[in-house]
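This report concerns side-chain packing and pairing in one protein model.

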Amino acid sequence: MHLGWAGLLLYIDWQNWLLRQGVLVPQQQDNFWPLALLADLLDSALFYFNWLLMPRLFRRGRLGTYLGLLGLGLLAFCGLRIGVSYGFDEVRVQGQSQPLGYYVQVLQAYYLLLGGLILLLSFFVRLAGDYWRELRHRRALEQQHLRTELALLKNQLHPHFLFNTLNNIYSLTLHASPQAPEAVLRLAELMRYQLYDSADDLVPLAREIGHLQSFLTLQQLRLPTAGGEAGAHEADEAIDFRLLLPPDAGQLLLPPMLLLPLVENAFKHGDLTARPHVVRLVLQLAPADGQLHFTVRNRISPDAAPPGGVGLANLRRRLELLYPGRHALVVTANAEEYAVRLTVPVAVKW
């Protein structure tokens with residue numbers, strides 16, 4: 001803005017100098033540039049006088065004081081410009097110098113108008129600059145707020161997940177299950193992912209799938225079996241996880257811990273005795289729109305609490321912040337089955 005103001009003054013001086021080279025008006029005397037530069041200083045003084053007054057008076061609501069000082073500044077500007085013009089003997093009639101009264105009578109209206117235009121220009125330029133800075137500041141605050149809220153929502157997933165998993169391990173230890181040590185090991189792997197990888201804004205899809213598979217393995221340890229090899233095999237097949245991804249899916253990126261809340265919800269509210277499948281998962285990349293689709297289906301346990309809770313509520317809020325207007329989370333339920341379908345765009349790693 002300041003460079004623009006200086007450029008405007010120099011451009012006007014340059015144009016006036018060209019006009020005074022004897023083409024349209026008589027050639028100006030040799031003191032044109034000293035007079036022009038001194039006039040530029042007075043114009044700039046009035047311009048920045050208003051520039052400095054606006055934040056101190058106008059923006060604080062002291063309108064009367066602001067307008068009064070502007071009026072005094074305009075009168076001072078007009079008097080100084082007339083004095084400079086008289087000092088440089090700028091106005092001559094038939095080659096004769098004129099008295100100071102003549103300068104006042106002829107130039108006061110012109111310099112009052114010029115000063116008013118300078119004040120208006122300064123006012124609107126300052127107003128536009130303040131608005132632009134406030135807009136940038138507001139956007140920066142909004143972005144910082146979104147980053148903070150996303151971090152808080154992501155952190156809320158950790159204790160929620162840990163609480164559910166510790167309950168599972170506690171159930172295994174109550175029955176002195178030999179699977180308890182493996183469950184602790186799987187939990188350590190999951191927590192390692194959450195501590196070191198989920199802090200990133202985006203993670204490779206393969207890493208998120210690996211984290212999800214570790215969670216499914218941990219959940220599989222607590223599935224009830226009918227006993228014998230047939231029962232154990234039946235429990236192994238109770239989780240149906242299908243990946244329908246192209247060969248280059250390793251280049252895809254998405255926010256961490258985005259898929260886990262849906263799977264957590266299925267095991268929390270699902271019927272773990274349902275067969276042939278306790279939960280059915282399908283993760284696919286649609287060739288038509290290039291979006292990632294994740295579907296989770298589970299049978300509803302008769303004594304389970306209503307589906308939802310902290311995990312699903314946090315997921316909805318994260319999706320609103322990460323993909324405003326560019327995602328879908330569709331939940332369908334009946335008396336027997338609960339299904340949720342998540343659709344989000346994915347980034348590509350270059």
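## Surroundings of Phe-294

In this predicted model, Phe-294 is in contact with several residues beyond its neighbours within four places in sequence: Leu-212, Phe-241, Leu-259, Leu-262, Val-263, Leu-281, Val-282, Leu-283, Val-340, Arg-341 and Leu-342.

## Nonpolar cores

Phe-294 is also one of the residues with the most contacts inside the largest nonpolar core, together with Leu-262 and Phe-267. This core comprises 48 residues. Helix α6 (residues 205-220) supplies the largest share of the core, namely six residues.

## Aromatic pairs

Eight aromatic pairs are found in the structure. In one of them, the ring centres of Phe-47 and Tyr-48 are 5.1 Å apart and the planes stand at 75°, so the arrangement is edge-to-face. Phe-47 counts as buried because its relative accessibility is 2%, whereas Tyr-48, at 26%, counts as partly exposed.

Ring pairs also join Phe-58, Tyr-66, Phe-123 and Phe-124 into a cluster.

## Salt bridges

Side chains of opposite charge can pair when their charged atoms come close. The count of salt bridges in the model is seven. One of these pairs Asp-240 with Arg-242, with 3.3 Å between the closest N and O atoms. Asp-240 is buried at 16% relative accessibility, while Arg-242 is partly exposed at 49%.

Glu-337 and Arg-297 form another salt bridge, again with the closest N and O atoms 3.3 Å apart. Because Glu-337 belongs to strand β9 (residues 337-345) and Arg-297 to strand β7 (residues 291-299), the pair ties together parts that are 40 residues apart in sequence. Arg-297 is partly exposed, with a relative accessibility of 35%.

Arg-317 is partly exposed, at 31% relative accessible area, and Glu-320 counts as partly exposed at 42%.

Through salt bridges that share partners, Arg-126, Asp-130 and Arg-133 are joined into one network.

Conventions. Residues numbered from 1 in each chain as written. Predicted model: local features only at pLDDT ≥ 70, side-chain atom pairs only at ≥ 80, totals over all residues. Heavy atoms only, no water. Core = buried A, V, L, I, M, F, W, Y, C linked by side-chain atoms within 4.5 Å. Buried < 20%, exposed > 50% of the residue type's maximum accessible area, 1.4 Å probe, protein only. Helix = DSSP H or I, 4+ residues; strand = E, 2+ residues; numbered from the N terminus. Contact = heavy atoms within 4.5 Å. Phe/Tyr/Trp six-rings, centres within 6.5 Å; stacked < 30°, edge-to-face > 60°. Salt bridge = Lys/Arg side-chain N within 4 Å of Asp/Glu carboxyl O.
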